[in-house]
Amino acid sequence: MNTPADLIVEKEIKFDQKKNNLNSTSENNSYKQEILKEKGQREVFCGLTGIVWLHRKIQDAFFLVVGSRTCAHLIQSAAGVMIFAEPRFATAIIDEKDLAGLADANEELDRVVSQLLSRRPDIKLLFLVGSCPSEVIKLDLSNAAERLSKNYLPNVKVLNYSGSGIETTFTQGEDACLKSMVPEMQQSKGSKEKKLLIVGTLADIIEDQFSRLFKKIGIENFDFFPPRNSTDLPEVGKDSVFLLAQPFLAETATELEKSGAKHIPAMFPFGVQGSYEWFLSAAKEFGVSEEKVTTVLNPYISRAKHAVSKSLGLLEGKSVFFFPDSQLEVPLARFLHHELKMNLLEVGTPYLNKKLVAKELFKIPNETQISEGQDVERQLDRCINKNPDLIVCGLGLANPLEAQGFTTKWSIELVFSPIHGFDQAGDLAELFSRPMYRRKKIAALKPKKENFGVTQ
Ligand code: SF4
C-alpha cells in the first residue's frame, strides 16, 4: 500500500496554453493529469553512462572519471572495448587508501593528468568526471579543474561535472556535462541576426540531415551544441534562441537562459509528428510560414509515415508500460500512442520537467498513469498486475521480467541508437516491434502446454 509520507499525487495540473506558447498542433488547452511521485529504490544507471555517447561526439575531448573500479567497469562495458583507437575516456582509480583519507588525492590526480596529457597532445578539453567515491571523500573537482586549467593553458581546458549515482541518473550526465560547457561559450556581441542553437548530443548523420532540412526551410544561421570539436563552441547571447533535441537537458537550458538565450518550446523530434512540430516551432520563431514548412517537409513526412506503418501490424492495440530510465519516456510514449496506436498503461520517468515536456504531456491520454521517480518494488507490482504486452525498462529488470514471460525492450538502446528525425522514425518504431516479433516467434516454437505466461 502506498502511504501519504512517501507518495505524493499531483492532481489536475492545468497547463495554460498561452503561457506555454503552444501552437495549433496541441489538442487540449487544459489537461487533467495525475502524476504519481515516488521515492524509493531506483533501478537506473548513473550519469557516467553519458560518457559513452559524449566521447564519440566531442572528438578532441577526454573524460577522466575520478572513481572506483566499479565506475571503470561500468563505462568500459557500456562503451565496449576499443581495439583500433585510443579511447577518450579513462578512470583515475580512487582506492581504499584514498577513501581512508591516507593519500593526497589531489596530488595523485595531478600526477595522472600530467601523464595523460603528455601522452595525448590531441586532447583539447579534459573533463574531470565526479563519481560516488569522489563525492564520498569530498574531493573538490571544481577546484582541481581550475588549478589544472591554469597549469595547462592555453593548450588544454579542464572542466568538471558529476556523473555520480548519488546525484545523477543515466542521461543527467549529459545535462551536467553540457551545463559545464555553457560558461565557456563566447558571449555574442548582440545586434546580430537571430541565431538558432540546437542543443543535445545527436549522431553526426542526424546532425547532417537536420542541417539540410533547416536550410531548406530557410533557417541558415544555426549551430549544434555540443559541437564536434571543443574549439568550435558556438557563441551565445540575447540574439540566440535554442531548441532542445533531448528532453533531459533542464539544467543546460537554465544555464543558456542565464546567458541570454531564449528557449523555443517544442515537442521532441521523435516520430513523424514530433519531428514535424519540432521544425515548425523553430520555423515560427524565424518567421517562416507553416505552409512553407509543410511543403518542404511533406516528402520526408510521407516516407517516414510509410516506414513507421510497417510496425503497425505488431504494435497496434498492444499495451506498453515504461519504467523510468532515460527521461525520453514521455515523448516516446506519445509516439507509440499516436503513431503506432499502442495503449499506454504507465509512463515512468526519473524526472519530469513539466516546462520542457509540456507539449508532449498534452498528447498523453488522461487514463495513462504518469509516474516520476521510482519505488521499484511497487512499480513492479503495478506492472505485473497490468500485464502489459511490452515493457520498456533497464537491463537489470529486463531479464527477470523476460523469465516471467513478459516481452521487454531495453531502454538503453533507445539512447544509444540514432532515433531522431523523419529518416529514423521507421527504425524507432522497429526498436519496439522487434521484441514483439521475437516473442511471437518463440511462442510459435514452444509446445502449447509450456507456453504459459507468454504474452504474445
Ligand atoms: Fe557506481 Fe557511483 Fe561509480 Fe556510477 S558513479 S559506477 S553508481 S560507484
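Gln369 is found in strand 13 (residues 369-374), where helices (H or I, at least four residues) and strands (E, at least two) are DSSP runs, numbered from the N terminus. This is a predicted model, in which local features need pLDDT of at least 70 and side-chain atom pairs count only at pLDDT 80 or more, while totals for chains, interfaces and linings use all residues. Residues are numbered from 1 along each chain as its sequence is written, and side-chain values use heavy atoms, with hydrogens and water left out.

Leaving aside neighbours within four places in sequence, Gln369 is in contact (heavy atoms within 4.5 Å) with Glu34, Ile35, Leu36, Leu345, Glu346, Val347 and Lys386. One of these, Val347, is 22 residues from Gln369 in sequence, and the two are 6.3 Å apart in space, C-alpha to C-alpha.

For the protein chain as a whole, the secondary structure comes to 18 helices and 15 strands. Of its 456 residues, 55% are buried, a word that stands for under 20% relative accessible area (1.4 Å probe, protein chains only), with exposed over 50% and partly exposed in between. Among contacts with a separation of 6 or more, 74% join residues 24 or more positions apart.

The structure also holds 14 aromatic pairs. Rings of Phe, Tyr and Trp (its six-membered ring) pair if their centres lie within 6.5 Å, and planes under 30 degrees apart count as stacked, over 60 as edge-to-face and the rest as tilted. Elsewhere, ring pairs link Phe210, Phe214, Phe222, Phe224, Trp278, Phe279 and Phe422 into a cluster.

Helix 8 and helix 11 pack at an angle of about 145°, with their axes 9 Å apart; axes are lines fitted to C-alpha atoms, for helices over the stretch in contact, and angles run from 0 to 180 degrees between N-to-C directions. The table lists the residues that make this contact.

| Helix | Residue range | Contact residues |
|---|---|---|
| Helix 8 | residues 204-217 | Leu213, Lys216 and Ile217 |
| Helix 11 | residues 290-309 | Lys292, Val293, Val296, Leu297 and Tyr300 |

The residues of this contact divide into six nonpolar, no polar and two charged, where Ala, Val, Leu, Ile, Met, Phe, Trp, Tyr, Cys and Pro count as nonpolar, Asp, Glu, Lys and Arg as charged, and the others, Gly among them, as polar.
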